[in-house]
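Open the model in your viewer and keep the sequence panel beside it. The stops below say what to select next and what is there.

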Amino acid sequence: MSEKKMIATRDGFGKEIAELGKEDSNLVVVDIDIGKSCKTGEFRKALPDQYINVGIAEQNGAGFAAGLATCGKVPFVVTYAVFGSLRMCEMIRQEICYTNLNVKIACSHGGVTPANDGASHQSIEDMGVLRTIPNMTVIMPADYNSARKLVRQAAKTYGPMYLRFTRDAVPQIYDEDVEFTIGKAHQIQDGKDVAIIANGDTVRLAVDAAAELSKAGISARVLDMHTIKPLDAEAVTAAINDIGKLITVEDHNILNGLGSAVCEVAAEMGKGLVKRVGIQDQFGQSAPYERLLEMNGVTVENIVSIAKNIQ
C-alpha cells in the first residue's frame, strides 16, 4: 500500500474534534497537557472557551470530565493511551463507567506506535483492560478517514468510550465517503478460504496479506473490527460458519484484546480455528515501529504463512 497517502489517525481525531466543537458548544476538550502530540491545537485556537488544560494530572482530568458530563457537557479527555487507560483506570471505572456518564477518552500513541519512546509509553494492554469494564465502548480506527467518521459517531452516541489512535503515520485505506458504525465490523473484501480480522494500524497488514494470498490462489475475507467492545459477534459468527479459519491481527497484547474477543465467540460456538497475531505478551523497547511489529510477528509475511499453513 506504499502508493497510499500516509497520515496518523491522531491527525484525523484532531481535525474532526475541531469540527465537532464548532457544531456543538457542549463539546469540551479536557487536555492532559499534551495537546501538541494529541492534535488538539486547532481546537484550542478556535474554541478556547471549550478547552481546559488540567496539567499533567490524568486522574484529576478523568474526574473533572465526569463532573462536566453530569452538567450536560460532552467531554473528550485527551492524552496518551498508556496514561488514558492505565493511569486513569480507577477513575474511569468508578466515576465514568459505574455512573455511565457521557465521557470520551481519546488517546494517541496506541500500541507500539510510540516506538522510540520505549516500553513505558507503548500501550499494549489498554484495550484489554478497558473492555472488561461494564458500559465502556472500545474503538481503534484503521486510518485517517475512518478515525474522523468514528470520532464523529462517538461524539453523537451516549456513553463512556475509549478511542485509540496511532502516533505513527499509516496508509489511508478508505475514501472519505465510506461510512462506519460503532459495534459493526467493516468488511473490506469477501473471501472463502480464510478470514483475517484486524483493527487499527494492522488493518493495512491484513489488506496486504490478502493481496499476497490471492496470488497463491487463497481467497481471504478481510474485516476491519474497529470496535472490539461491543464486538461484532454476528460478523465473527458468520466468518466461522462460512469459512471456519480465522486469523486475528492487532497491535496489542494477544491476551484480552481483539484475538481473545474473537476466541470467546468461537469457544461459545464450539467450532472454528482461530490463530492470533499480535504482541506476544511482552513489553516493547526503544526501536523503530516496524521493527517492533516484526519482533512480534505482526507482519504481512507471518499472516500469509499462517493462512497457508491452515488450508
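Helices (H or I, at least four residues) and strands (E, at least two) are DSSP runs, numbered from the N terminus. The model is predicted, so local features need pLDDT of at least 70 and side-chain atom pairs count only at pLDDT 80 or more, while totals for chains, interfaces and linings use all residues. Residues are numbered from 1 along each chain as its sequence is written, and side-chain values use heavy atoms, with hydrogens and water left out.

**Stop 1: Thr 227**

Select Thr 227, which is found in strand S12. Is Thr 227 buried or exposed? Thr 227 counts as buried, at 2% relative accessibility; buried means under 20% relative accessible area, exposed over 50%, and partly exposed in between (1.4 Å probe, protein chains only).

Now show what surrounds Thr 227. Contact means heavy atoms within 4.5 Å. Leaving aside neighbours within four places in sequence, Thr 227 is in contact with Thr 137, Val 138, Ile 139, Ile 182 and Gly 183. The side chains of Thr 227 and His 226 are joined by a polar contact of 2.9 Å. A polar contact is a pair of N or O atoms within 3.5 Å; within protein, one must be able to donate a hydrogen and the other to accept it, and residues adjacent in sequence count only if both atoms are side-chain atoms. For a distance across the model, pick the C-alpha atoms of Thr 227 and Cys 71: these are separated by 28 Å, and the two residues are 156 apart along the chain.

**Stop 2: backbone angles**

Go to Pro 230, in the loop between strand S12 (227–229) and helix H10 (233–242). The peptide bond from Lys 229 to Pro 230 is cis, with omega near 0°.

Next select Ala 115, in the loop between strand S5 (104–108) and helix H7 (126–131). Ala 115 is not a glycine, yet has a positive phi of about 50°. Ala 115 is buried, with a relative accessible area of 7%.

Asn 135 is found in the loop between H7 and strand S6 (137–139). Phi of Asn 135 is also positive, near 75°, in a residue other than glycine. Asn 135 is partly exposed, with a relative accessible area of 42%.

**Stop 3: Ser 146**

Select helix H8 (residues 144–156) and, within it, Ser 146. Ser 146 is buried, with a relative accessible area of 1%. Which residues is Ser 146 in contact with, leaving aside its neighbours within four places in sequence? They are Pro 141, Tyr 174 and Phe 180.

**Stop 4: strand S2**

Select strand S2 (residues 27–31), where five of five residues are buried. Leu 27, Val 29 and Asp 31 point one way from S2, and Val 28 and Val 30 the other way.

Two strands pair if DSSP finds at least two bridges between them. Five bridges join S2 to strand S4 (residues 74–80), and the two run parallel. Asp 31 stands opposite Val 78 in S4. S2 also pairs with strand S3 (residues 51–53) in the parallel sense, over three bridges. Here Val 30 stands opposite Ile 52 in S3.

**Stop 5: a five-strand sheet**

Select the open sheet of five strands in the order S9-S11-S10-S13-S14, which has mixed pairing. Its edge strands are S9 (186–189) and S14 (273–279), each pairing on one side only. Direction ignored, neighbouring strands of this sheet are turned by 25° against each other on average. Axes are lines fitted to C-alpha atoms, for helices over the stretch in contact, and angles run from 0 to 180 degrees between N-to-C directions.

Strand S13 (residues 245–253) and S14 run parallel, joined by six bridges. The bridge partner of Thr 248 in S14 is Arg 276.

Helix H9 (residues 203–215) touches S9, strand S10 (194–198) and strand S11 (220–224), and its direction makes about 160° with that of S10. Helix H13 (residues 300–309) touches S10, S13 and S14, and its direction makes about 155° with that of S13.
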